[in-house]
Each structure stands twice: as structure tokens, then as C-alpha cells.
Protein chains: 2
Amino acid sequence: MKLTTRGRYAVTAMMDLALHAKLDCITLAGIAARQSISLSYLEQLFRSLRNAGLIKSVRGAKGGYMLARSEKEISLADILVAADEHINLACGGGSTCNPIDPCLTHSLWTNLSQEFFEFLDNKKLSDLVRSRHVQTMATRQDVTSIGDIPIHISRTIG
Amino acid sequence: MKLTTRGRYAVTAMMDLALHAKLDCITLAGIAARQSISLSYLEQLFRSLRNAGLIKSVRGAKGGYMLARSEKEISLADILVAADEHINLACGGGSTCNPIDPCLTHSLWTNLSQEFFEFLDNKKLSDLVRSRHVQTMATRQDVTSIGDIPIHISRTIG
DNA sequence: TCTATTCCCTAGTAATTTACTCAGGTTTCA
DNA sequence: TGAAACCTGAGTAAATTACTAGGGAATAGA
């Protein structure tokens, strides 16, 4: 049971938006630099987020992105679903499981998926950006991203 | 956020064990037939479940498998973890995230993983097999699996 | 109007993971 | 002894993931 990079990037990018696009829209290039995410990949991701109505875009020079609604009205579930990160543990519905003859665990997964969804839907973007850790990180990123010099530290440290 | 077939099979097979191996051990071939799972694949899976101490095996003719401990002492988390279905939403820890310079969402995923784990650890095998739906299914499978004729219904129905 | 900047879109692709199959063991009961 | 069952390692096709490439379209400012 894991999350793909896509889902993680989506949440990271949305938090970046919440932290930095308070008054004006911000560019994808900025997010890409701050969060060390490929620009092209982010572009694809942002199309999904935009289609889902979570963000709005301004085209052209001085353009960029900002949240389409308040931080309080965007949940983790909203973001993950928008990023095609379906919260669905259920069986695909192959020949071993169909409406007439469901598999032994069918209702188990259906119910669990629902519970997970509700859990994630109760975590709002506003809650996420409020944490101490995120606040510290955001300030640091504002500083270190000047000049777009990504800082890479070898994993062998520590 | 999804579960792989492996994790689903593991839970299905453990439920089958709980339902059918009450007094004596049961064969993998039986589980494979009842649950429409490939025998070879089940063998691999059962190796993991056995290594994790969830089931015990009896080799030789008349051999088979049974639960290694009580249904009440085996949780959904136990099964999923044993099946390599790690409950870990956290970032892999690439160059963008390390102990010194963690990514923006690092603690978020760590905490969420923990909450999901605890949730799944509270669901015991005994709870799962007690549901009405499972009881009905189990009885049906006892009957329909006689002669090992798998029943396949086209997905186009309905 | 031109040009740089930005979003927008489609298509491809290498690497990884998944869900198996295959081909043999080994152990035990009858 | 031989059938029934577990046990094991190796291989592999298909799907998925995490990107890259290469353009196009809209807009601000000169």
C-alpha cells in the first residue's frame, strides 16, 4: 500500500502554492526549483489539478498558478484523487469478482477504501501548511531557492 | 493509493484458512480452487506468510496449512506487511529528501503511514470472518467448490 | 508589433514492478 | 514405493511509473 511519486508531488506542489501564492500567482518553474521536481512532469500534474478545479492558471508572461479555492476547502483526498491517485483498495473486478458473485473480501476493501477516503478528506490543505515543520521548511526554501541553486546532499551522510 | 493483488490474495487466503482450517490443516490446492488463485502464486505468497509466523505448514501427504495463532491475534496489518505490502506512504528518500534536509511533506507521510498502520492493526482476522457477507460466501464456496469446477460469469452481464 | 515568458499539449520511452509460469526439488502418509 | 502435498529459485510478459522531447498558444512589456 503505497503512494506514487505523482501523488506525493501533487500534495507537495499544492502546499507550495498555499505557502507562496497568497497574493499573486506563482510560476511552475519556481515550484520545480523549490521542490526539486521536473518542470515537464509538474506541467502534466498541474493539468490534472486544474481540470479538477483545484487550481487556476494565468497564461502568458507574468502568469502562473494559484489555488482556485480556499485552503480550508481543499482536502488531501481532493488532491490525491485529482492526481489520479485513486483511493481504491478494491479488487479490479476481474473474472474472480463480479456483482453477481463477488469475491470473499469484496465488501472489506470497499468499506476500507471508504474509511480511508473519509480520513483523507478530513485533512485540509490549511491544516497541512499550519504545521511547525512545514512553516520552517517554507522559510528555508524561500531563502535557499534564490538563484535557483538546488542543494543536494549525498545520501551517504549520516 | 492502491493495494496489489498480492496483498488482496494474502488477506483472502488468510480468511479462507480461518474459515476452513478450524480443526485440521487444509491444502493450498483447495484455497486456490475456492478463491480462483493460481496455485504457484499462492505457494510463493504462503512462503512469506509462513516466514512471518502467521501460518504453519505440515509437509507431506495429508499436509497443508493452518493459522499459527488465534484469529484474534492476527491483524490486517500483520497480513499485509507479511505479504510485502508495506504500509508506507513516505517518500523513498531520494536526493530530494534526506534526514538533514527532509522534503516539505516528509513528516506528513510518516504520520499518515503510522495512522493507517494503527487503523489496519486494529482490524483482526476474527472481525473479518465474522461479517454476514463473508459467512454467506464461505458456505457457498464450500458447496460450489466441490469437484473443483470454477464458475466464471462474463463481466458483460449486468 | 516583437520578444521573452509563461502555460498548454501530445507522444514517446527506459526502468521498474507485478503477477504470474516453469521446472524442479523435499517430506510424509499409506 | 508412489502419490500427495509442501518448498524453492529462476524466468518473463504485461503493465505501470516517472519521466523527457518537442513543440504550440497566450500575454506583458518594450
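In this predicted model, strand β1 of chain A, residues 55-58, runs antiparallel to β2(A), and four bridges join the two. One of the bridged pairs is A:Ile55 with A:Leu67, the latter in β2(A). The two strands form a hairpin with five residues between them, and A:Gly60 in this hairpin takes a positive phi near 85 degrees.

B:Ile55 stands opposite B:Leu67 of β2(B), and B:Val58 has B:Gly64 of β2(B) as its bridge partner. Five residues lie between β1(B) and β2(B), and within the turn B:Gly60 has a positive phi of about 85 degrees.

The helices come next. Two packed helices are described by the angle between their axes and the distance between the axes. For α1(A) and α2(A) the angle is about 115 degrees and the axes are 10 Å apart. Because angles of 65 to 115 degrees count as roughly perpendicular, α1(A) is described as roughly perpendicular to α2(A). The crossing of these two helices is right-handed. On the α1(A) side the contact uses A:Thr12, A:Ala13 and A:Asp16, which meet A:Ile31, A:Arg34 and A:Gln35 in α2(A). By class, this contact of α1(A) with α2(A) has two nonpolar, two polar and two charged residues.

In chain B, α1(B) and α2(B) pack at an angle of about 115 degrees, with 10 Å between their axes. That angle makes α1(B) roughly perpendicular to α2(B). The crossing of α1(B) and α2(B) is right-handed. B:Thr12, B:Ala13 and B:Asp16 of α1(B) make the contact together with B:Ile31, B:Arg34 and B:Gln35 of α2(B). Two nonpolar, two polar and two charged residues make up the contact of α1(B) with α2(B).

The helix α2(B) also packs against α3(B), at an angle of about 120 degrees and with the axes 9 Å apart. Since 65 to 115 degrees is the range for roughly perpendicular, this angle makes α2(B) oblique to α3(B). Here too the crossing is right-handed. From α2(B) the contact takes B:Leu28, B:Ala29, B:Ile31 and B:Ala32, and from α3(B) it takes B:Leu39, B:Leu42, B:Glu43 and B:Phe46. The contact of α2(B) with α3(B) divides into seven nonpolar residues, no polar ones and one charged.

The DNA strands remain. DNA strand C is surrounded by 27 residues, and the closest are A:Ser57, B:Thr4, B:Thr5, B:Ser38 and B:Gly60. The elements that give two or more residues to this surface are α2 (28-35), α3 and β2 (64-67) from chain A, along with α1 (5-20) and α3 from chain B. The largest share, six residues, comes from α3(A). By class, the surface near DNA strand C has seven nonpolar, 13 polar and seven charged residues. B:Gly60, one of the closest residues to strand C, is the turn residue with the positive phi in the hairpin of chain B.

Around DNA strand D there are 25 residues, of which the closest are A:Thr4, A:Thr5, A:Ser38, A:Gly60 and B:Ser57. Two or more residues each come from α1 (5-20) and α3 (39-51) of chain A, and from α2 (28-35), α3 (39-51) and β2 (64-67) of chain B. The largest share of the surface near DNA strand D is that of α3(B), with four residues. Seven nonpolar, 11 polar and seven charged residues make up this surface. A:Gly60, listed among the closest residues to strand D, is the residue with the positive phi in the hairpin of chain A.

Note on methods:
Residues numbered from 1 in each chain as written. Chains lettered and ligands numbered in written order. Predicted model: local features only at pLDDT ≥ 70, side-chain atom pairs only at ≥ 80, totals over all residues. Near = placed C-beta within 6 Å. Nonpolar A, V, L, I, M, F, W, Y, C, P; charged D, E, K, R; others polar. Axes fitted to C-alpha atoms, helices over the stretch in contact; angles between N-to-C directions. Parallel < 35°, antiparallel > 145°, perpendicular 65-115°, else oblique. Left-handed = near helix turned anticlockwise from the far one by under 90°. Contact = placed C-beta atoms within 7 Å. Pairing = 2+ DSSP bridges.
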